[in-house]
Amino acid sequence: MTAQILELPTAAPHAAEWWRGAVVYQVYPRSFADSNGDGVGDLKGITNRLEHIASLGVDAVWLSPFFTSPMKDFGYDVADYCDVDPIFGTLADFDELIGKAHALGLRIIIDLVFSHTSEEHPWFRESRQSRTNPKADWYVWADAKADGSPPSNWQSVFGGPAWTWDARRGQYYMHNFLPEQPQLNVHNPDVQDALLDAARFWLDRGVDGFRFDAINFSMHDPKLTDNPPLPPGGKRTRPFDFQDKVHNQSQPEIVDFLARIRALTDSYGGRFSVAEVGGDHAEREMQAFTSGDDHLNSAYGFLYLYAPALKHALVHEGAEAWHGRDGQGWPSWTFSNHDAPRAISRWAEGRDLKALAETAMLLLMCLRGNVFVYYGEELGLPQGEVPFERLVDPEAIANWPQTLGRDGARTPMPWTADQPHAGFSTAEPWLPVDPRHVGLAVDRQEQDPSSMLHATRRLIALRKAHPALTRGEMTMVDSGDEVLSFERVLDGDRLLCVFNLGHKAAAWDAPKGWRVLEAVNIGAGSAGVLPPLAGLVLAADA
């Protein structure tokens, strides 16, 4: 089946780099909207709610995986890169979604998982049959050590060795994640060609870009060298946390594969590519994966995503690392996503959640780079509470109760407060709706001009109205230890962004020659004082 390429108008300034400074809205398809009453979100559900996303003023939508999958890791275990899992719908449903999105001025970015597949993928089924079949080396296979133990000390993210014995081949296969997610041998040029073909399939259907999941896991050290231990200290809930993962991931050859991806996306024009890069050496890898004009456009940073508190030092660290030197790539920032507890729950420290949500949203909109808004952030949703008996995430179950897990960040989107399951579905959802979320439903917030939903629209509009916020330089300003200040500047557009992220009021006076464009949590206030969780954006007088 050949799909018509659905293009967006390109008349806007900087159209070829529409993504630079863009606001991207992340949808986790299982949890966004259920159109057929089976308790699981689907593509038609997303299509039916695109007007809501467009009303926020965002530039693009990122869809987490919806491909054919046994759902051992809820879609990040792909069994067919070029089809839609029946639980989400059909390819025709995807075509309808992308057509409507483009009509609304929204671009579509999809997740591609190029480091591993499902064990049910036809490639792996063939690979495991023998050591001589055509796909024998499409995955990472290795002989046991003399004592029968795994080939190396590598550990998996979800706990236990990164190796599983397969009796058919009489070898171990590698998996950085679940045993049901065997590691692709992306060193193999034939594997690279097959993965590029999958990307081409979706480009031909009109997608506007890709987020490459866990791309720094895509290649391993062929010598299978043991990982060294990390120095003592830090939180450790898994064997994985004890090692410096320099041999099972983060290989220098990855950048050459990314150059092939970039050449493909550039051949379609106006397409966007962003690397998800986490781990102990994320900053170094993000820089390498996005350097120059021949690698990915951007890298998706974890600086804020797992931070237990929102501190000035985080903003300083991000600004210093991504200051825009020649040849440097372009960062992408997010405070919440499907893999981490929601930000306002991590950062609340007993403070008012709505006030924190507004300040965090304003700060996100002021950062240099692309910014990603996770579904429900526009409503100020806290981390959902999921009882142990309702947990489905393998990581949450394995590490309970030491970590909050991922299920609480994936609970259903509340649409209508007075409907069953907050309007997400007519059936019991795959994860429960948190009762605290019902009162934050979209319909309730639409009716309240002071709601987080209306604030989100206003703050996104502020970002889009000022080139300094989308594409300008970012320079930190010394305002003392208690106040975070930085300037965003592009040509004649000059803005001063000021925040008190602390728990107490701070001494601060607006400098002369600046006027307030936006303010959150200022209250009645008094001269010379910046209340806790206050945020301001000021413009320089002409």
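Me: What should I know about the model before we start?

Reply: This is a predicted model, in which local features need pLDDT of at least 70 and side-chain atom pairs count only at pLDDT 80 or more, while totals for chains, interfaces and linings use all residues. Residues are numbered from 1 along each chain as its sequence is written, and side-chain values use heavy atoms, with hydrogens and water left out.

Me: Thanks! How many salt bridges are there?

Reply: Here is the general idea: side chains of opposite charge can pair when their charged atoms come close. A salt bridge is defined as a side-chain nitrogen of Lys or Arg within 4 Å of a carboxyl oxygen of Asp or Glu. By that rule, the count is 32 salt bridges. One of them joins the side chains of Asp 95 and Arg 205, at 2.6 Å from N to O. This pair links distant parts of the chain, 110 residues apart: Asp 95 is in helix α4 (residues 91-103), and Arg 205 is in the loop between α6 (189-204) and β9 (209-213). As for the labels, helices (H or I, at least four residues) and strands (E, at least two) are DSSP runs, numbered from the N terminus.

Me: Are Asp 95 and Arg 205 buried or exposed?

Reply: Buried means under 20% relative accessible area, exposed means over 50%, and partly exposed is in between (1.4 Å probe, protein chains only). Asp 95 has a relative accessible area of 18%, so it is buried. Arg 205 is at 2% and therefore counts as buried too.

Me: Which residue forms a salt bridge with Glu 276?

Reply: Glu 276 pairs with Arg 211, and their closest N and O atoms are 2.9 Å apart. Because Glu 276 lies in strand β10 (residues 272-276) and Arg 211 in strand β9, the pair ties together parts that are 65 residues apart in sequence. Both Glu 276 and Arg 211 are buried.

For another case, look at Asp 418 and Arg 444, whose side chains meet in a salt bridge of 3.3 Å, N to O. Asp 418 sits in the loop between α12 (394-399) and α13 (435-438), and Arg 444 in helix α14 (residues 442-446), 26 residues apart. Asp 418 is exposed at 67% relative accessibility, whereas Arg 444 is partly exposed at 38%. Salt bridges can also share partners, and in this way Asp 73, Asp 339, Asp 393, Arg 406 and Arg 410 are joined into one network.

Me: Now helices. How do I read α4?

Reply: Start with its span: the expected value is 1.5 Å times one less than the number of residues. With 13 residues, α4 reaches 18 Å from its first C-alpha to its last, close to the 18 Å expected. Next, find its buried residues, among them Leu 91, Phe 94, Leu 97 and Ile 98. The buried residues of α4 pack against several elements, including α2 (43-48), β5 (107-113) and α6, where contact means heavy atoms within 4.5 Å. Just after α4, Gly 105 has a positive phi of about 85°.

Me: Which residues make a nonpolar surface patch?

Reply: Patches are made of residues with over 30% relative accessible area and no salt bridge; like charges are joined within 9 Å, and nonpolar side chains (Val, Leu, Ile, Met, Phe, Trp, Tyr) within 5 Å. Accessible areas come from the Shrake-Rupley method with a 1.4 Å probe, and for residues only the protein chains shown count as cover. Here Phe 388, Ile 397 and Trp 400 make a patch of about 310 Å². Phe 388 is partly exposed, at 40%.

Me: Last one: which residues is Asn 176 in contact with?

Reply: Leaving aside neighbours within four places in sequence, Asn 176 is in contact with Ser 156, Val 157, Gln 183, Phe 217 and Asn 248. Asn 176 lies in the loop between β8 (171-174) and α6 and is buried, at 0% relative accessibility.
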